[in-house]
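The entries follow the order in which I looked things up.

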Amino acid sequence: MLMPILSIIANIMYFVVLNMNIYTDRAMMPTGEVREWHRSPITRLSIADQSFLTYLQIILAAVSVITSVLILFGVRSRMIRTIQLVSVIGSTIVFIIIMIVTSDLHAKYA
């Protein structure tokens, strides 16, 4: 009974972290000044045209939350528990991949 609650909390925390402005991008402007932006990992992924990772995270988190709610409401199917476990693990792996990819992204400004 604890695993579904933890998976819901984990997926909420993943989206909170993915929407926090934790990165600072700097670029030299044509006028010679340096411009600075504070961006979230999701924003950096969309700038780098890698938003498929965001969609993958959303899909896995949705499956995880839906199956967790089903388990909390009393569905005791082994298949639902397996899907829930796989989606939680997948969501965690994609979150880690997003954080690694966005830390190494450098937006190109033309």
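Before listing side-chain pairs, I wrote down what I mean by a polar contact: a pair of N or O atoms within 3.5 Å, where, within protein, one must be able to donate a hydrogen and the other to accept it. I also note at the outset that this is a predicted model.

**Entry 1, Gln-84.** I began with Gln-84, which is found in helix H4. Its side chain and that of Ser-7 are joined by a polar contact of 2.9 Å. For a sense of distance, I looked up the C-alpha atoms of Gln-84 and Ile-42, which are 42 residues apart along the chain and separated by 24 Å.

**Entry 2, H1 against H4.** Next I turned to helix packing, keeping in mind that two packed helices are described by the angle between their axes and the distance between the axes. For helix H1 (residues 2-18) and helix H4 (residues 78-103), the axes come within 11 Å and cross at roughly 20 degrees. H1 is therefore roughly parallel to H4, as the angle is under 35 degrees. I recorded the crossing of H1 and H4 as left-handed. On the H1 side the contact is made by Met-3, Pro-4, Ser-7, Asn-11, Tyr-14, Val-17 and Leu-18, which meet Gln-84, Leu-85, Val-88, Ser-91, Thr-92, Phe-95, Ile-98 and Met-99 in H4. Sorted by class, the residues of this contact of H1 with H4 come to 10 nonpolar, 5 polar and no charged.

I then took H1 with H3, which pack at an angle of about 155 degrees with their axes 8 Å apart. That angle is over 145 degrees, so H1 is roughly antiparallel to H3. The crossing in which H1 passes H3 is left-handed. From H1, the residues Pro-4, Ile-5, Ser-7, Ile-8, Asn-11, Tyr-14, Phe-15 and Leu-18 meet a set in H3 that includes Gln-57, Ile-58, Ala-61, Ser-64 and Val-65. Among the other H3 residues in this contact I noted Ser-68, Val-69, Ile-71 and Leu-72. The contact of H1 with H3 has 12 nonpolar, 5 polar and no charged residues.

How are helix H3 (residues 52-72) and H4 packed, in angle and axis distance? I found an angle of about 150 degrees, with the axes 8 Å apart. H3 and H4 are therefore roughly antiparallel to each other, and their crossing is left-handed. The residues of the contact of H3 with H4 divide into 15 nonpolar, 9 polar and 1 charged.

Staying in helix H4, I looked up Ile-80, which is buried, with a relative accessible area of 16%. Not counting residues up to four places away in sequence, Ile-80 touches Thr-67, Leu-70, Ile-71 and Val-75. The C-alpha atoms of Ile-80 and Ile-96 are 16 residues apart along the chain and separated by 24 Å.

I moved on to strand E2 (residues 34-39), where Arg-39 lies. At 11% relative accessibility, Arg-39 counts as buried. I looked for a polar partner and found one in Asp-25, with a side-chain to side-chain polar contact of 2.9 Å.

Asp-49 is not a glycine, yet has a positive phi of about 55 degrees. Where does Asp-49 sit? I placed Asp-49 in the loop between helix H2 (41-47) and H3. At 69% relative accessibility, Asp-49 counts as exposed.

Terms used. Residues are numbered from 1 along each chain as its sequence is written. This is a predicted model: local features need pLDDT of at least 70, side-chain atom pairs count only at pLDDT 80 or more; totals for chains, interfaces and linings use all residues. Side-chain values use heavy atoms; hydrogens and water are left out. Axes are lines fitted to C-alpha atoms, for helices over the stretch in contact, and angles run from 0 to 180 degrees between N-to-C directions. Helices (H or I, at least four residues) and strands (E, at least two) are DSSP runs, numbered from the N terminus. Angles under 35 degrees count as roughly parallel, over 145 as roughly antiparallel, 65 to 115 as roughly perpendicular and the rest as oblique. A crossing is left-handed if the near helix is turned anticlockwise from the far one by less than a right angle, and right-handed if clockwise. Contact means heavy atoms within 4.5 Å. Ala, Val, Leu, Ile, Met, Phe, Trp, Tyr, Cys and Pro count as nonpolar, Asp, Glu, Lys and Arg as charged, and the others, Gly among them, as polar. Buried means under 20% relative accessible area, exposed over 50%, partly exposed in between (1.4 Å probe, protein chains only).
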